[in-house]
Structures are given as structure tokens and as C-alpha cells.
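Here are my notes on the model you sent. Please read them with the structure open beside you.

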Amino acid sequence: MIRTIIVDDEPNAREDLEKKIKADPEFDVIGTSANAFEAIKDINNKHPDVVFLDIQMPRISGVEMLSMLDKDNMPRIVFVTAHGEYAIEAFKKNAIDFLLKPVKDDRLHITLARLKENHQPQPVVTEALSTELTFVPCYQGSRDYLINVKEIIHAYSNPMTGVHLVTGDSDQEFQTNLPLKVFDDNSQLKRCHRQHMINPDYIKFIEKLENGLGQISTYGNHTIPVSRNFMDNFPSIT
Amino acid sequence: MQNILFLEHMIPLLQHMLVFLGLAYLFTKTPVFTALVNNSLSLPDKAIIYLVFSGFCILGTSFSEPSIQTDDAIANTRAIGAVLGGLLGGPVVGFLVGITGGIHRVFSMSSISDPINYIDIACAAATTFEGLFAGCVHYYLSRKGKIKSLFSPRLVWLVAFIVGLGHVVIILLFGIYTGNGVEAWNLEKEIAVPMLIANSVGAALIMYMIREQKRACDELSSSTAAWRIADKTASIIYGQFNQESSRKIAKIIQHETRVGAVAITDKNRLLAFAGLGEDHHLPGSPISSTDTLKVIRENKVLFADGISKTYQCRLKKSCELGSALIIPLRDDANNEVVGTIKLYEPKNKLFRNINRKLGENLAHLLSGRILAGHYELQRELRIQDQYKILMAQINPHFLYNALTTIGHITGKQPDRARNLLHYLSDYFRKNLTISNDTVTLGYELEHVESYLEIEKARFEDRLHVQIDIPEHLLTQIVPVFTLQPIVENSIKHGTSELLGTGIINITCIEHNDSFTLTVEDNAGLYKNSNTSGIGLKIDERIKMRYGNNYGINIRCEPEQWTKVNIHLPKNKEQA
């Protein structure tokens with residue numbers, strides 16, 4: 001069974017595609033999402049083999065969403081699009097899967113057949129498409145937000161609650177479904193600890209502590225630990 | 001002795017003359033005046049001239065006091081009425097004025113005790129001669145095309161002097177013929193010189209005053225007529241210089257100037273014709289007059305006054321029109337002739353000077369109008385263009401979304417899909433039937449509703465729309481595609497970008513003579529740069545149509561709401 005997630009903001013389009021994919025017994029639709037926020041969470045939780053990804057979605061497009069996924073756990077992506085996006089078309093038909101809306105049955109069958117042969121992720125394609133993060137989807141309670149990466153001072157992961165973001169804007173704290181790894185790859189945030197990242201723009205000073213540990217003080221008067229392994233990221237203290 | 005006698009006659013005569021001047025002045029202030037001076041040979045005008053100047057004759061006789069009665073003859077100013085009547089009214093009127101004055105003279109000076117004698121008859125004959133002679137001068141001058149010189153005081157003086165001499169001769173001849181030669185000579189010796197002076201100077205002075213009054217009156221009426229015409233034609237839609245607008249303008253000009261007929265042509269065809277000869281001067285036909293073609297070619301005013309140069313209609317021999325003023329219409333921007341305006345008078349009527357002036361003013365006015373028309377036309381085209389651009393932008397996107405959505409639900413909910421197809425065809429049927437660029441608000445709303453049905457199917461429970469517009473405002477007129485693109489934008493750039501449920505409220509607030517439509521969404525994602533032009537275009541369209549007091553303003557509370565207010569005037573035009 002090929003475990004599949006469908007991401008599309010139009011309910012009827014989603015259902016229609018779901019029905020068509022389900023008609024193929026080799027595919028198991030394990031989830032559907034209406035936007036990138038939901039999809040990131042879903043993908044991180046369920047680790048699907050294939051994601052049918054709509055490009056035109058609220059706030060975060062399908063292409064933008066690629067840079068918010070962990071490269072090491074990338075599913076195979078099939079783009080579904082209303083408009084022949086040039087970013088997608090730049091790749092030859094064989095290099096990337098994409099379906100034009102409305103999805104025609106015969107065209108879908110070709111794609112499904114190809115996936116049955118091979119549904120390994122296509123790192124080359126996804127890497128080429130992924131870009132520097134500008135906005136980060138996150139939430140506070142039940143409300144969703146998009147935060148500009150530049151406003152993030154500090155990101156940390158808590159084994160129990162996930163990844164937290166502290167922003168310069170009145171010292172707010174948000175949670176996000178993006179793993180820290182994504183910030184490593186696609187943002188200016190620097191890793192200072194296995195569980196902590198810092199925005200270099202906000203560093204006030206760095207102190208050297210005992211045992212080769214360090215401590216960053218920010219302009220917002222936060223203190224953030226620097227572990228031995230990541231000391232090299234901050235050459236100014238050594 | 002001679003000097004005293006002279007003064008004795010002269011002073012009362014001068015007094016009469018002044019009274020006449022005063023009376024004549026009063027006449028210039030009454031409607032009768034136009035009849036006196038417009039050179040028209042129509043019967044009512046002639047009758048008025050006859051009555052006024054016969055009255056002068058009678059007064060001239062009656063004023064004479066016994067003190068200046070010499071034997072039976074009186075030094076009098078009767079001749080003034082006869083001369084002026086003849087000059088202004090022509091031979092027939094002159095003769096009638098003269099004979100009326102004469103007959104009155106005969107009967108007013110005779111009685112049973114004083115039967116009619118040779119001098120009474122002589123005076124009557126002389127007065128008749130005076131009127132007839134002056135009338136002949138009128139006839140001669142009008143044949144010569146010098147009707148304007150009738151108003152020259154010098155000519156009047158000369159005519160009055162000549163007929164005065166004639167008067168003396170007639171009385172002497174009558175005297176000799178009836179054997180009273182010596183008596184007649186003695187009489188004339190006394191009164192001839194004062195009468196000659198008083199009558200000739202008096203007639204000249206009165207004519208001088210008439211001429212001045214006429215000039216003032218002409219200028220005034222020419223400018224007021226021009227204003228009236230300007231005012232009346234202003235309301236005619238001057239989008240194009242075409243048959244329709246020309247027809248209206250020609251009618252107004254003809255009505256206001258009361259010339260025989262008015263024609264407007266472009267460079268090749270007759271656009272409009274109003275007045276005498278409408279039956280054979282048919283709009284749309286090619287220009288037949290070589291005069292008109294000459295005007296177009298040479299860009300010069302041409303005047304066929306009907307005397308020295310006659311106008312003859314080439315379409316019909318029996319056409320009544322006999323004189324014409326042809327003025328080129330120029331597009332001031334490049335001084336190019338774009339057509340002509342022609343004023344005609346029938347053969348039995350002389351071309352009034354006032355209308356000549358007026359015609360030239362009108363040509364200026366219309367030339368300006370044409371220029372304004374070009375500008376207006378371009379503006380109109382620009383609005384049309386924008387409308388087409390809007391249409392073009394709306395349709396493909398919407399059609400694509402609609403069909404895709406319907407495609408998605410046909411399998412699942414065939415009835416609903418069929419319904420949506422009906423909404424879709426409804427939407428496009430409305431697009432097809434929009435011929436005007438304005439519709440009623442109700443119509444626009446139905447259009448929006450058809451659109452929304454499709455969008456609601458696309459977004460399902462992610463989109464809620466509430467429309468709350470007072471029933472009585474639904475008849476208001478709005479430019480077509482005012483609301484629909486804004487609602488579409490609220491969805492496209494607003495609620496569709498929301499993760500949660502999008503809510504759109506369409507409301508309307510009524511003011512005294514305007515109303516404001518508001519489209520509010522709960523996304524608050526409006527960015528100035530991301531107007532996508534449509535809001536701006538609609539704003540521009542509204543301002544072009546209704547002025548800068550109306551249009552669109554957009555307010556946004558980021559992440560909370562965006563409000564688009566569309567401010568429009570209440571009904572002034574009909575869809």
C-alpha cells in the first residue's frame with residue numbers, strides 16, 4: 001500500500017481526488033488537509049509516502065511548503081495545480097510529477113502507475129524548489145499565525161511540546177510544526193545547542209562558561225545556552 | 001419782419017419734431033419696434049408701419065396751432081410720418097401713409113363754414129407724393145441690395161428735403177392751376193423754409209435714433225439668442241457630431257433664430273435640416289450646393305444675400321429658400337473644416353443682419369462643441385475599454401473555477417451540479433444582455449449572487465456571505481461590474497487566503513443623495529500594492545462618470561478585516 005496524503009484547500013476538489021485515488025487498491029489515503037499548516041503537521045506525524053500537493057493554497061503555497069518540510073523525511077511530492085506554474089514547468093515532465101486541475105482520469109492513472117513503480121522522494125527536485133524561509137507557520141492556542149523569520153529571536157524544541165519560537169515582538173512565544181532541522185537548512189537562524197537556535201541579529205554578547213559551555217545574552221535579555229558541539233558556530237568567543 | 005415770421009413758424013415746428021422724437025423713442029421700447037426695423041416685408045409688419053406713421057402724419061397735422069395758420073395752410077410736420085413710413089415700409093405703405101395723412105388733412109381743416117379748397121387738396125396730394133416717393137426710394141435701394149443705407153440719417157435727410165421741395169412745387173402748381181398762384185406763392189414764401197428744415201432734420205434725427213436703438217437691440221438679441229441656443233444645446237449629448245445630435249441642434253437654432261431654415265452638414269453629407277424645404281432637403285444625402293462645397297474647400301464664410309447673389313436650391317426649382325449664410329465649422333484644434341452650418345431665408349424675406357452675426361457666433365459655439373465632443377468621445381471610449389478589460393479579466397478565471405468546481409461535484413451531487421450550471425448560465429446570460437454600462441443595483445446584486453453560488457460551491461463551508469441591502473435601494477443605478485469584481489477580490493485576495501472560515505458582508509448605507517455599498521471581509525489581508533488594479537479601475541470609472549465626490553475607498557485592519565466602500569450618487573440617470 002502506498003500511504004497518501006492529499007492537500008487542497010477546495011473541499012470538492014479534495015474529495016474528488018480522494019475518491020479517484022481510493023479507486024486504486026494500491027493506494028491508501030491516510031489523510032487530507034485544507035492548507036499548508038495542517039499539511040505540515042500531518043506529514044510530520046504520519047510520514048506518508050506520497051503527498052498530492054495543491055500549489056494555490058491560503059497563505060503558504062505548495063511550493064513554499066516544501067521548504068518547511070524536513071529534507072531527511074521528505075515524501076514523494078505530486079503537485080496539483082490550476083495554473084501551469086513556471087517553477088514547476090521548468091522541470092521536464094519526467095523529472096517531476098504534476099497534475100493540472102481539473103485532474104483528468106487518464107492523466108491521473110499514468111501518474112498513479114508511475115508511483116506504483118517508484119515512489120521514492122525526489123530530493124533533487126524538492127531541494128531545487130525549496131527556498132529560504134521567509135514566513136513560518138505557527139500557532140498560539142488555537143489560532144494560526146505566520147511569523148516573519150527575521151522577527152524570531154530564539155527557537156527551541158521541547159521533547160514534550162515540540163518546537164517553540166520566541167519573537168522580538170513583545171516577547172511572544174509561538175509553537176510550530178516545523179522541526180528545527182528546517183531552520184538549519186532554510187533560515188538565518190544558527191544552531192547553538194541540540195535543542196536551541198538563535199537569530200544572530202539579536203545577539204548582545206556571548207559568555208564563555210565552564211566545561212566549554214557558553215551562554216548567549218540577547219537584546220531582549222534572554223539567556224540561551226551554547227553547547228560544546230556548536231561552539232564553532234560562534235567564532236567570536238573562541 | 002421776415003425773420004420774425006420765420007421764427008414764428010420755426011419754433012413750433014421744432015417743438016413738434018421733439019415730440020415726434022420722444023414718441024419714436026417710446027416706440028423703440030415696444031415690440032412694435034422690431035416690425036419697424038427688421039426689413040421684413042410681411043403683411044403684419046407693413047400694417048404696423050402703416051399705422052405708426054399714419055399716426056405721425058395725423059399728429060403732424062393736428063399739432064399745428066392756429067397761430068401758425070397762414071390763411072388756410074399750416075406749417076406742419078406731416079411729412080415726417082410720410083417719409084419715414086415710405087422709407088421703412090416701401091412704396092405701397094408710403095402711398096397709403098401719405099394718402100391717409102392727406103385725407104385727414106383735408107377733413108380736419110375744412111368745415112361747413114370753410115369748405116374744401118384748392119390748398120387742402122394740394123396738401124393732401126403733396127403728402128401722398130411724399131410717402132410714395134420715399135417708398136420708391138425704399139424699393140430702389142432694396143433692389144440694389146443697399147437696404148442698410150435706408151437707416152442712414154443723411155439719406156433720410158436728403159429724401160425729406162427733396163420731397164419737401166416737391167411739396168412746395170405741388171402747392172404752387174395747384175395754386176396756379178386753380179388761379180390762386182399769387183396766394184400760394186405768398187403762403188409758401190412764409191412756411192416753405194421752416195418746414196423744409198424741420199421735416200428733413202426731424203426725419204433724419206428720428207431715423208438716427210431708430211438706427212442706434214436697432215443696433216443696441218441687435219447686439220443684445222444676438223447675444224441673448226446665442227446664449228439661449230448654447231444653453232439649450234448644452235444638454236444634447238455631444239458625444240459625436242452625427243445626424244442625431246445635429247438634428248436636435250438644427251431644430252433649436254431654427255426655433256430660436258426664426259430663420260427660414262437651418263442645415264448642418266459634415267464634409268460630405270447633409271446631417272440635419274430644419275425648417276422650410278424639409279421635404280426635399282433630406283438628412284443623409286450628399287451635399288448638393290456648390291456654395292457649401294466651396295465653403296468647405298476654402299474655409300470661408302459665404303453669404304448669398306438673395307439680392308446681389310441669390311441662392312437657388314439645386315434639389316427643387318420651387319424651393320422657397322432664396323438667401324443663405326454658409327459658415328464653416330472648424331475643429332479648433334487643427335483649424336480643419338469638419339462641416340458647415342447654413343442659415344436660410346425664403347425668397348420673400350431679407351436676411352437679417354442680426355442672424356448673420358448670430359450665425360457666425362453659432363458656428364464658433366458648434367466648433368467648440370465638436371472639439372468637446374471629440375474629447376467626450378475619447379473619454380467614453382476609454383470607459384468602454386476599461387469595461388471590456390474588466391470583462392476579459394473576469395470571465396476566464398471565473399469560468400475556469402466554476403467549471404472545475406462543477407466537475408468535482410457532478411459525480412457526488414448531480415442535482416447540485418445541474419443547479420450550479422444554471423447559475424453559471426444565468427451569470428453569463430446577464431453578461432450578454434448588458435448593453436448599457438449602467439444597471440440597477442438589484443441587477444448587479446443578482447449578478448453577484450449567481451457568482452457567489454459558484455464560489456460557495458468551490459469553498460463550501462470556508463465561505464459565508466451575507467447580503468443586507470434595503471429593498472428600496474435596489475432600483476438605484478450603478479455602473480455595471482461595480483460590485484462583482486470587488487466581491488471577487490474580497491474572496492480572491494481575502495477570504496480564500498484564510499485558514500478558517502471566510503465571512504463576507506455586503507451592506508448598503510443610504511445618505512441624502514447618495515449611498516455607500518460596503519463589502520467587508522474578515523481576512524484583513526489588503527495590501528496597498530496588491531490592489532490588483534481592479535479596485536482602482538472601478539474607482540476611476542466612477543469618478544469619470546460621477547465626479548471626484550464619488551468612488552471607492554478601502555480600509556483595512558490587518559488580519560482583522562478589510563472594508564471596501566463604494567460611494568455612488570442616487571439616481572440621476574436611467575439605465
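**Notes on the two chains**

1. Start with α6(B). This helix has 27 residues and reaches 38 Å from its first C-alpha to its last. That is close to the 39 Å expected at 1.5 Å a residue. G145(B) follows α6(B), and its phi is positive, near 75°. Bear in mind that this is a predicted model.

2. Next, the partner of that helix. Helix α4 (residues 78-89) of chain B packs with helix α6 (residues 118-144) of chain B at an angle of about 30°, and their axes are 6 Å apart. α4(B) is therefore roughly parallel to α6(B), since angles under 35 degrees count as such. The crossing of α4(B) past α6(B) is right-handed.

3. Look at the residues in that contact. From α4(B) come R78(B), A79(B), A82(B), V83(B), G85(B), G86(B), L87(B) and G89(B). On the α6(B) side they meet residues including T127(B), E130(B), L132(B), F133(B), V137(B) and H138(B). The contact of α4(B) with α6(B) divides into eight nonpolar, seven polar and two charged residues. An α-helix has 3.6 residues a turn, so residues three or four places apart point the same way.

4. Chain B also has an open sheet of five strands, in the order β9-β11-β12-β14-β13, with mixed pairing. β9 (463-468) and β13 (551-557) of chain B stand at the edges. Each has a single partner strand, so one side of each is left without a neighbour in the sheet. From one strand to the next, the twist averages 15°.

5. Two details of this sheet are worth checking. β9(B) runs parallel to strand β11 (residues 502-510) of chain B, joined by six bridges. Within that pair, D468(B) has T507(B) of β11(B) as its bridge partner. Helix α15 (residues 534-546) of chain B packs on the sheet and touches β13 and β14 (561-569) of chain B. The direction of α15 makes about 145° with that of β13(B).

6. Now chain A. Here an open sheet of five strands has the order β2-β1-β3-β4-β5, and the pairing is parallel. β2 (27-33) and β5 (97-100) of chain A are the edge strands, each pairing on one side only. The twist averages 20° from one strand to the next. Strand β4 (residues 76-81) of chain A and β5(A) run parallel and are joined by four bridges. T81(A) has L100(A) as its bridge partner in β5(A).

7. Which helices lie on this sheet? Helix α2 (residues 36-46) of chain A packs on it, touching β1 (2-7), β2 and β3 (50-54) of chain A. The direction of α2 makes about 140° with that of β2(A). Helix α5 (residues 105-117) of chain A lies across β1, β2, β3, β4 and β5 of chain A, and runs at about 165° to β5(A).

8. Further along chain A, strand β8 (residues 152-158) and strand β9 (residues 162-167) pair in the antiparallel sense over six bridges. They form a hairpin with three residues between them. I152(A) has T167(A) as its bridge partner in β9(A). β9(A) also runs antiparallel to strand β10 (residues 173-176) of chain A, over four bridges. There, H164(A) stands opposite Q175(A).

9. Last, the contact between the chains. How many residues does each chain give? Chain A gives 13 residues and chain B gives 14 residues. Helix α1 (residues 11-22) of chain A supplies the largest share of the chain A side, five residues. That side divides into five nonpolar, two polar and six charged residues.

Definitions and conventions
Residues are numbered from 1 along each chain as its sequence is written. Chains are lettered from A and ligands numbered from 1 in the order in which they are written. This is a predicted model: local features need pLDDT of at least 70, side-chain atom pairs count only at pLDDT 80 or more; totals for chains, interfaces and linings use all residues. Axes are lines fitted to C-alpha atoms, for helices over the stretch in contact, and angles run from 0 to 180 degrees between N-to-C directions. Angles under 35 degrees count as roughly parallel, over 145 as roughly antiparallel, 65 to 115 as roughly perpendicular and the rest as oblique. A crossing is left-handed if the near helix is turned anticlockwise from the far one by less than a right angle, and right-handed if clockwise. Two residues are in contact if their C-beta atoms, placed from the backbone, lie within 7 Å. Ala, Val, Leu, Ile, Met, Phe, Trp, Tyr, Cys and Pro count as nonpolar, Asp, Glu, Lys and Arg as charged, and the others, Gly among them, as polar. Two strands pair if DSSP finds at least two bridges between them. The expected span of a helix is 1.5 Å times one less than its number of residues.
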